[in-house]
Amino acid sequence: MIKIGKLEIKGICALAPMAGVADRSFRELCAGYGASYCVGEMASAKGLILGDRKSEELLEVGAAERPAAVQLFGCEPEFMARAVEKALKYSPDAIDINMGCPTPKITNNGSGSALMKKPELCGEIVRAVVAEAGDTPVTVKIRKGWDEDSVNCVEVAKICEEAGASMITVHARTRSQMYAPPADWSIIKAVKDAVGIPVIGNGDVFTAHDAMCMLEETGCDMVMVGRGALGNPWIFRQINSLYEHSRPLPEPGLFEKMSVMHKHILAMVEHKGEYIGMREARKHAAWYLKGFRGASRLRNECAKLTVVSDVDELIKKVIEANSSQTDTSN
Ligand SMILES: Cc1cc2nc3c(=O)[nH]c(=O)nc-3n(C[C@H](O)[C@H](O)[C@H](O)COP(=O)(O)O)c2cc1C
């Protein structure tokens with residue numbers, strides 16, 4: 001168990017923050033499958049201060065996803081500190097600072113992974129956020145470095161710890177790598193060996209077996225799963241089973257997958273309304289179909305999902321296309 005101030009995390013797998021994907025519906029679903037900690041989509045500190053409603057919506061924490069952090073991005077200590085007040089209104093279990101986003105829209109302003117080019121500024125930001133956060137733990141999410149010529153995650157991690165960060169997530173790739181394999185897990189171990197606060201390892205965990213290897217190879221306190229959970233929220237159940245009972249669990253069958261997809265999309269519609277919920281559900285539906293017969297043809301159907309009843313039609317078509325290989329046991 002990880003205990004940092006009032007934050008207690010019982011378990012070894014976390015859901016990664018994923019803007020535009022890991023919204024409250026998805027986070028609650030993953031928590032239900034055993035994700036022991038969730039981090040919300042990044043919210044702009046400046047946007048929050050200027051009263052942007054969409055930025056503020058990203059701070060909502062659902063009861064079923066706790067313990068959960070909200071995540072802030074920005075590069076001015078003063079704005080980051082002022083955004084904390086907004087964040088605290090939603091009683092997050094932790095406030096995470098984004099120092100890893102590789103998107104030019106974010107890095108061109110000096111935020112996200114661009115912060116790693118200025119280690120001193122990383123420290124100033126952490127100090128400013130900690131000063132406003134009271135007893136809510138402040139954590140950071142970093143990358144290996146900006147590029148292969150400037151690998152500095154150990155230095156940045158130590159500076160953040162010194163400035164008051166309570167936990168560090170290391171995405172084991174440089175910014176130049178974006179999301180390209182391979183993730184360099186040795187760097188997670190290097191950070192773990194260098195700091196005294198808990199370290200979450202992140203990058204390329206796609207199976208329960210990957211999670212065990214990362215824990216073993218790096219000594220990290222927890223693994224964080226991003227893309228491996230898309231259309232695959234039960235990965236957390238699989239990781240926990242392998243970790244706690246050394247028992248690998250099989251893939252769920254078609255009916256379970258379709259029923260989880262249905263539940264997930266209904267939750268999105270409940271939180272965001274049918275118009276936005278159904279549009280945002282399209283990419284999730286395509287991920288759930290991965291590996292099934294006819295998936296590429298049926299992906300076009302996913303792209304047309306508009307009203308809730310379209311989901312029932314889609315599921316019927318998936319079952320028809322796979323009827324000869326349907327496992328009726330679940
Ligand atoms: C669609 C998408 C959105 C992301 N959004 C965020 C974000 O808001 N904040 C953040 O710190 N990382 C974000 N990330 C990075 C992930 O949290 C994670 O570090 C990365 O995907 C590597 O983990 P993985 O190999 O398990 O996917 C995002 C990744 C993806 C694919």
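Modeller: Let's start with a term: a polar contact is a pair of N or O atoms within 3.5 Å, where within protein one must be able to donate a hydrogen and the other to accept it, and residues adjacent in sequence count only if both atoms are side-chain atoms. By that rule, eight residue pairs, both at pLDDT 80 or more, are in polar contact across the interface of domain 1 and domain 2. Keep in mind that this is a predicted model, with local features needing pLDDT of at least 70 and side-chain atom pairs counted only at pLDDT 80 or more, while totals for chains, interfaces and linings use all residues. Residues are numbered from 1 along each chain as its sequence is written, and side-chain values use heavy atoms, leaving out hydrogens and water.

Domain 1 covers 2-245 and domain 2 covers 254-325, with bounds from an automatic or database domain assignment. Each side puts 14 residues into the contact (heavy atoms within 4.5 Å). Together the domains bury about 1200 Å², 62% of it on carbon and sulfur atoms; buried area is the accessible area (1.4 Å probe) that two parts lose on being put together, summed over both. On the domain 1 side, Ser25, Leu29 and Trp234 supply 36% of the area buried against domain 2, more than any other three residues.

As for charges, the interface has two salt bridges, meaning a side-chain nitrogen of Lys or Arg within 4 Å of a carboxyl oxygen of Asp or Glu. Arg237 pairs with Glu256 in a salt bridge, their closest N and O atoms 3.3 Å apart.
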